[in-house]
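Have the sequence and the 3D view open as you read.

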Amino acid sequence: MADLAANNMIMQSPLHYLKGQYSGTVTANAELGLTVTEIQQGCYLNLRGKAADQDFAAGIQTILGLSLPTVPGTYHSHGSTMACWLGPDEWMVVSNHAAETLQAALRDALKGHISIVDVTGGQTQLNLRGSSVPLVLKKAGSYDFEAWSADGASVNRCVQTNFAKATALVSRSADGSFDLTIRRSFADYIAQWLLDASKEHGCLIQG
Amino acid sequence: MSQLNRLPTSGRTDPSQIINFAFNGKSYQGIAGDTLASALLANGVNVVGRSFKYSRPRGIVGHGMEEPNGIIQLGSGAATVPNLKVTQVELYEGLEASSVNGWPNVNFDLMGIIGLFGRLMPPGFYYKTFMYPQKLWMTYEHFIRKAAGLGKTPVEADPDTYDKINQHCDVLVVGAGPAGLVAALEAGLTGARVIIADEQSEFGGSLLASNELIDGSSASHWVASVNSQLESLSNVQRLRRSTVFGYYDHNFLTILERCTDHLGLKAACGPRQCMHRVRAKQVILATGAFERPLVFAHNDIPGVMQASSVSTYVNRFGVAPGQKLVLATNNDNAYRTALDWQSAGRHVVAVVDSRSSPSGELVARVRELGIQVLDGCGVIEAKGSKRVRSALVAPLNSEGTQVVGAVQNLACDLIASSGGWSAAIHLSSHTGAKPVWDEKIVSFRPGESKQQERSAGACNGTFGLSDGLLEGSIAGAEAAHLAGFGDGVAQQPLPAVNEVVEQTQQTLFLVPHTKSTSRAPSQFVDFQLDVSAGGIELAVLEGFESVEHVKRYTALGFGTDQGKLGNINGMAILANALGQSISDTGTTIFRPSYTPTTFGAIAGRDIKDLFDPERYTAAHRWHAEQGAVFEDVGQWKRPWYFPQDNETMHQAVNRECLAVRNSVGILDASTLGKIDIQGPDAAEFITRMYTNSYLKLASGKCRYGVMLKEDGMIFDDGVCACLADNHYLMFTTTGGAAGVLAWLELWQQTEWPELQVYFTSVTDHWATATVTGPNARKVVAKVCEDIDLSADKFGFMDWRDGTVAGVAARVFRISFTGELSYEINVSANYGRHVWEKLIEAGAEFDITPYGTESMHVLRAEKGFIIVGQDTDGSMTPADMNMDWVVGKNKTFSFIGKRSLERSDSLRDNRKQLVGLKALNPNSVLPEGSQIVNDPKQAIPMAMQGHVTSSYYSANMGHSIALAVVKGGLNRMGDTVYCPAADGSVIAAEIVSSVFYDPKGVRQNG
């Protein structure tokens, strides 16, 4: 625990310097159109393997406590861990566990042709909530997020898609808000874009 | 009473709200609900512009986007908007507008008085008159532009914000007239996601100016009721002031919504306009129709208007644009205008109908009111200058091709004309559907559809109201059904309409004159560009036959109105002159945009800082705090150099370069592309990609490699490290990262799927600090205790895992400077912390942060190439004097190997990488300079190659350059020359490309 505390002192999330940034003309009392919160996750692991391989699936189930989603555009979660479908043999695992621990456990449990890559330093997550989220998503790209609320399978949806001129892994959480998993080097651009895109409705990057 | 043409009946306007505005510098008043056009007509403003070529005075003709004459400049300063149509500008308090045509002003037009100018401009005028001499074209163009008086774009930056949003729907309905409204309602009731867009300020389309009863009450009442039903449906999105301007493949359509334009320039809050990019499963086009004017002599005099427009001004805006009306028609429908005019309390002089003995219900109503109907006659000419004073009327033969009797002069101040209706097939045309001419309705109809769309109502050639409602209703239910909603059967009963039966119209476009078309006064077809019937006939006489050629030769339909009024008449006149049918002649192809679209809306918010993403490294803010000057490398911002005090770039770079060679420097190398490669076949796969072999590379070791495309030419380079069995880390160039990953995936997925290997980009994960220079080891030792840094334990091209500044790190002994180097990689979350600790540790050695410019100089001193700078896609490894990197004995081939054996790849006078040393040590050769053997040779000189990299090297004390020279490797010691554009010549000696530490001792440290 001491190590973790020390780590927190010296680590910097990609958008630490934007906390408290506000755009818009909305008065202080008015409801914010968009609240952006950068979420600190324990780790992000890129996982490759064959979903049909029984041993692979069993190993994942043992370590992560979930089965890997095989339906495109969905994620499975268990506790603080989620696995997002990125491709037929590729998933993004986001978890509160430390990268080294989780990676070691997975390596122990999984055999054969697989790949586990720690990409923790290269990612961050932004939670978007507020009344202008649907509009902001429509401005960001051509994916039809409205359809997620329209059809029956409206839970556990995610998609890796264009976001403005960058990319994002967009997922909808159980409470209806949206999470963007984005690349570190594009984080500033995406944050500035969000501040601009929802200026008319007020946008706060929460501290 | 300033608004002399304002009627007591207000239509859809509100007389209680006075609005002040100015036109051409003069103040006027209008009322809420007015367009600029209706307000100008209410104030009796006759002349709103001057024509393009002949500079004739022109008045308002139409009431919508078809208006050819009322083209204005709105506002002033940064927010000024050119070339708007008066009929589309909603009036707001303080509006200021001026005509774009007319110089010095519309009422006293110098060009018009000179008059002669028009005679100088026959069709094909540009081609005939101003082609030669070519160098004078700029002079001509300046004169023509001034004479033409097109609008002016603002010179300041646009102060407005524009939005761009992506929409998805099951059914998109274009147009909210009667057919569109019922279609949207039927589709909406099924639960389908519906968007209905209309360019007007309110829904209703033609019904906004209609006197007809629907379901027993007024048309506007019915519109209001449908509108509120639509409003109550949460699955229906209604877009007003929204023009669908483009219909592209895969049912992708674009809509321009004018959000705040109607509020005025000052009231603007929020985005001014919004472009909707819509992907629709099904589309219903209900875009209506345009009335077609009759073409007669001097039909361009102010006071000649569209019959339907006159009715619209009377019924919708409560404005009667004149006193005494002559109505020219070839159909029943236009008789409504005579009825409307009469009921407005104005005088109808006569209805001039080209048909003999018309007998429809509307005709009867007109006759009952005692209005004179001159049947079998045509208005052959309008008289007047700035306003119609009379109409010349003459009997015509039954075909409408000849004047067959005496001409009478009817005094009037308004001529309304109607030649029937043309379906608005533009959007259907955008899809590639070829319009079909229908003799029966004298209009094109939409051709066979190539998309998931259908047309309903007038745009489908169905001009009657009840038929249009029926079509709309069917279309709505059908489209929803095809999108997966409802059973395809309309749910609502059709509204009841008492439709009058109309008699057949006459097919008449050009009304004959007593003189032949070529001798008669101009009979205008395209008002905005002054194309006359005579001009079209002349084009045919000159040999033009295709409608597309005639269009370009005469400029028919080239104006900002895109010929919405003139095109069909023009084609009909062309067909007649060619002696063929309209369907054989065909129409020109309509393309997006349907109406002019602002660039701002197309750009949206992707402007200024958000034009292109800026990618930052973890230590970016540290660099900025130190005053680094940044350079764009792809989308990355990389420190270019770190100036101190008032240093110039040159001074800073010299200082940085000396520091690296004499003590220690530090570079942020985080932007290099990094790809994690895992799998039992990883080594085999990598070996096929690079020119050298990785099969025997042991864990803990690195190797430099070059990648070729199939043509044998260098495409990327970098170091690849073996991390463990079946696990590698590949470095790519900063700019090449995405391309290399795609390249690996391409070969794995399409050519070698049997190789078991996975690739994952880890570029963003790692932050990299390169500590380099003779004191590098001492600096790293201060912050790293768990790696044995001694040269024999951790040698050049090795890597080790360890802890740096308390953070897990992977350290590589790779060098791009030729000095002892440690590339320290940590998870980017700790990137800045580790960077700052290294700076702290290096303080006693005066550790110097350096940027990309110094990096370039240092590597050039060592003769290390930069792919993309010293190579250009036509260089082999041998050309770069890097044969050593090509593995000749690999069991499996590598990409590009075979091409290296082509005779052209092997010839000995290929351009080869060499060093150049200017004879004057202080002159720096310009990069890109061409190299010749003999500077006195006559042009064209024999080019020997060019300079690829060139710098002043503070370490060497003279300038250095890398160049590619034909057969250069065998020309050491030769003098070559770089002639510059200013006539000066720099002489240089060909030397080895390695200027510094040629034995490579220092990097082994």
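Predicted model: local features only at pLDDT ≥ 70, side-chain atom pairs only at ≥ 80, totals over all residues.

Helix H9(B) covers residues 335-343 and helix H10(B) covers residues 361-368; they pack at an angle of about 30°, with their axes 9 Å apart. Angles under 35 degrees count as roughly parallel, so H9(B) is roughly parallel to H10(B). Their crossing is left-handed.

Staying in chain B, move along to helix H19(B), residues 649-662. Its 14 residues, at 1.5 Å a residue, should span 20 Å, and the end C-alpha atoms are 20 Å apart, which agrees. Which residues of H19(B) are buried? They are Ala652(B), Val653(B), Glu656(B), Cys657(B), Ala659(B), Val660(B) and Arg661(B).

On the H19(B) side you will find Val653(B), Glu656(B), Cys657(B) and Val660(B), which meet Glu853(B), Ser854(B), Val857(B) and Leu858(B) of H24(B). The residues of this contact divide into five nonpolar, one polar and two charged.

For a residue in another setting, turn to His549(B), which sits in helix H14(B), residues 547-554. Is His549(B) buried or exposed? It counts as exposed, because it has 12 C-beta neighbours inside 10 Å, and 12 or fewer is the cut-off for that label. Ser532(B) lies 17 residues away from His549(B) along the chain, and their C-alpha atoms are separated by 16 Å.

Now cross over to chain A. Here helix H2(A), residues 54-64, packs with helix H3(A), residues 99-109, at an angle of about 145°, with the axes 9 Å apart. H2(A) passes H3(A) in a right-handed crossing. Gly59(A), Thr62(A) and Ile63(A) of H2(A) make the contact with Ala105(A), Leu106(A) and Ala109(A) of H3(A). By class, that contact has four nonpolar, two polar and no charged residues.

Also in chain A, Cys158(A) belongs to strand E9(A), residues 158-163. Cys158(A) is buried, with 25 other C-beta atoms within 10 Å. Leaving aside neighbours within four places in sequence, the contacts of Cys158(A) include Gly73(A), Thr74(A), Tyr75(A), Cys84(A) and Trp85(A). Asp179(A) is 21 residues from Cys158(A) in sequence and 9.1 Å away, C-alpha to C-alpha.

Finally, look at where the two chains touch. The contact takes 35 residues from chain A and 39 residues from chain B. On the chain A side, strands E3 (43-48) and E7 (115-118) and helices H4 (133-140), H5 (146-150) and H6 (184-197) each supply at least two residues. H6(A) gives the most, with nine residues. By class, the chain A side has 11 nonpolar, 12 polar and 12 charged residues.

Definitions and conventions
Residues numbered from 1 in each chain as written. Chains lettered and ligands numbered in written order. Contact = placed C-beta atoms within 7 Å. Helix = DSSP H or I, 4+ residues; strand = E, 2+ residues; numbered from the N terminus. Nonpolar A, V, L, I, M, F, W, Y, C, P; charged D, E, K, R; others polar. Expected span 1.5 Å × (residues − 1). Buried ≥ 20, exposed ≤ 12 C-beta atoms within 10 Å, placed from the backbone. Axes fitted to C-alpha atoms, helices over the stretch in contact; angles between N-to-C directions. Parallel < 35°, antiparallel > 145°, perpendicular 65-115°, else oblique. Left-handed = near helix turned anticlockwise from the far one by under 90°.
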